[in-house]
Amino acid sequence: MNEIQTNRRRRKGAALLVLYLVLLVYSLLFAKFYGRDAGFSEHRYNLIPMREIVRFYTYWQQVGFISAFLNLAGNLVGFIPFGILVPMVSRRMRSWRRIVKAGFLLTLILESLQLFLKAGIFDVDDLILNTAGVLVGYQIYWLFSRFRR
């Protein structure tokens with residue numbers, strides 16, 4: 001791939017990354033669809049790893065399939081684009097360790113904002129699932145980059 005094609009690909013990737021990040025922040029902090037406009041009167045959080053993952057998996061019939069699916073798969077799938085787009089845009093972020101650290105940091109910031117803005121629940125399980133989604137996305141990026149060569 002020549003330099004011009006590489007630059008075009010990076011610019012398209014950067015535009016998609018910005019759009020993705022805007023949609024991600026909006027959906028996690030402001031979207032009415034997820035009840036973000038209701039606001040919580042208190043700070044809500046879960047600091048016990050695997051608590052909500054096990055709860056949603058075990059009691060999916062009681063909480064409903066859609067709720068369980070959105071919580072478990074949604075947190076994982078929602079961060080796959082980050083793992084694909086960031087290494088596409090930045091050469092420095094083509095190490096799986098760096099992309100996982102960046103994804104974890106982004107998730108930690110967003111979860112903290114949810115807590116402090118009372119726009120959601122700070123959930124350590126979301127950190128786990130979102131970071132796993134970033135890693136899956138990076139693996140997809142890595143596979144496609146190998147096939148392209």
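Before I start, the axes I will talk about are lines fitted to C-alpha atoms, for helices over the stretch in contact, with angles running from 0 to 180 degrees between N-to-C directions. What we have is a predicted model, in which local features need pLDDT of at least 70, side-chain atom pairs count only at pLDDT 80 or more, and totals for chains, interfaces and linings use all residues. Residues are numbered from 1 along each chain as its sequence is written, and side-chain values use heavy atoms, with hydrogens and water left out.

The protein has seven helices and two strands, where helices (H or I, at least four residues) and strands (E, at least two) are DSSP runs numbered from the N terminus.

Let me turn to one pair of helices. The axes of α4 (residues 65-77) and α7 (residues 124-148) come within 6 Å and cross at roughly 45°. That makes α4 oblique to α7, since angles under 35 degrees count as roughly parallel, over 145 as roughly antiparallel, 65 to 115 as roughly perpendicular and the rest as oblique. In contact terms, meaning heavy atoms within 4.5 Å, Asn71, Leu72, Asn75 and Leu76 of α4 meet Asp126, Leu129, Asn130, Ala132 and Gly133 of α7.
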